[in-house]
Amino acid sequence: MDGLSGTWSPPHYDVSRPPGLDKVVALTSDPNFPQNFARITKWSPDGSVYLSQCENRSFQLGALYIGSPVTLEFCQSAPIVDFAWYPAATSSDPATFCFLASVRECPVKLLDASDGRLRASYPIIDHRERFIAPHSLAFNLTAQKLYCGFEDAIEVFDVATPGEGTRLATTPNKSSKDGLKGIISALAFCPSYESDMFAAGSLSANRANIALFSESQGEAPLMFLDGGVQAGVMQLQFNPVQPHLLYASFRRDTRIFCWDIRYNSDQPLKIYAPTSYVPFSGVNTQIDYPSFKESTNQKHRFDIDISGKYLSVGRQDGNILMYDLNNPLSLEVSEPQGDEIEPTIISPTLVFEAHDDSVGSVAFHPITARLLSSSGSRNFDDSGSSDSEDSVSDSDDSLKGTATSVSMRRRKRQPSVRDNSLKLWRF
């Protein structure tokens with residue numbers, strides 16, 4: 001807050017130097033699942049707590065701004081697919097303090113964030129009467145409707161009325177080549193109250209696998225966006241201050257693509273790419289990314305700060321990248337080829353070493369200049385493998401009752417996690 005005017009000002013991020021480390025938080029230990037780690041971590045809308053989706057089928061909720069970190073664990077019956085905070089959730093108002101969870105082979109759950117109890121459920125049922133767990137969840141701008149993306153469709157629920165929803169088909173039928181085909185893996189609503197537009201992305205490896213829809217116009221897409229990448233969409237997010245800018249990440253790709261949806265949808269306006277950089281560390285080593293490809297399918301969730309100035313994303317090598325969305329001095333303009341103007345390629349403004357494992361998620365604090373990161377991945381190396389020996393006895397009547405023992409050695413490769421910590425960074 002500004003003491004003179006009484007108005008709130010957005011946090012200021014100093015990206016001229018690496019941030020300081022405020023806290024390191026360890027996940028609640030699980031003796032039955034020692035290789036646990038947080039896949040995605042998000043702040044609550046008021047910034048009072050964080051919520052982590054963990055590999056061991058649980059949510060872990062923690063508060064970092066009290067004397068000692070407090071962690072609650074909400075175990076689920078099956079693997080967690082996605083989750084989303086209620087947009088007005090705050091720990092000071094118990095009625096709003098809740099979040100949505102998509103759990104495999106279960107209805108969509110509205111869970112109380114204070115104790116994990118079930119408040120409401122929203123079932124999605126297929127033609128074989130089985131529950132469908134959506135791959136993406138999103139509230140509309142008024143938080144009155146819930147949108148759930150799954151294969152070739154989006155289910156829309158009235159939040160205040162649990163029960164059956166309305167299905168919006170993103171493609172006419174299975175055999176049709178029209179529409180948005182495949183699993184709807186990402187949803188994002190335009191943050192402008194003047195528009196009822198939302199974006200949906202598919203895991204289908206087609207070039208135009210992002211479509212813009214209108215809440216008032218139903219199933220017909222307004223337009224398709226082409227990033228020139230034949231890979232599934234992992235995340236979509238609008239700029240909170242410039243709602244005409246849409247950002248997207250793709251599977252096995254280190255780049256972030258940006259479109260200005262007011263103009264050309266055939267190609268992105270900008271591409272945020274880790275072409276090469278020297279991380280802030282004790283060793284002056286330049287890291288190059290010639291192919292922009294990741295070696296795993298792990299999702300790396302990016303985030304944009306509340307002022308719309310910075311974009312941050314973690315990488316498989318344990319580094320965190322910061323991009324300045326407004327600074328033209330950091331732009332590297334590509335040369336036009338023919339009549340087409342190539343998208344602007346933007347390099348990171350700041351890169352710092354954060355974790356000893358893959359950084360799966362970063363989240364800007366909504367009020368203060370803080371960044372929360374979580375790391376962990378399945379590492380199959382020699383140290384994590386174990387041997388087991390099985391003895392199989394085969395008998396043959398022709399051998400007059402004698403048995404031949406055959407020893408078979410099987411190598412069971414158990415994944416290990418190098419770093420499953422959560423870190424709070426101060427800028």
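The model is predicted, so local features need pLDDT of at least 70 and side-chain atom pairs count only at pLDDT 80 or more, while totals for chains, interfaces and linings use all residues. Residues are numbered from 1 along each chain as its sequence is written, and side-chain values use heavy atoms, with hydrogens and water left out.

- Four strands form an open sheet in the order 10-11-12-13, with antiparallel pairing.
- Its edge strands, each pairing on one side only, are strand 10 (136-139) and strand 13 (166-169).
- Here strands are DSSP runs (E, at least two residues), numbered from the N terminus, and two of them pair if DSSP finds at least two bridges between them.
- Strand 11 (residues 145-150) and strand 12 (residues 153-158) run antiparallel and are joined by six bridges.
- Cys 148 has Glu 155, in strand 12, as its bridge partner.

**Two loop residues with positive phi**
- Most residues other than glycine have a negative phi.
- Arg 57 has a positive phi, near 65°, and sits in the loop between strand 3 (50-54) and strand 4 (58-63).
- Glu 105 also has a positive phi, near 60°, and its place is the loop between strand 7 (98-103) and strand 8 (108-112).
- Arg 57 counts as partly exposed because its relative accessibility is 40%, while Glu 105 counts as exposed because its value is 61%.
- For these labels, buried means under 20% relative accessible area, exposed over 50%, and partly exposed in between (1.4 Å probe, protein chains only).
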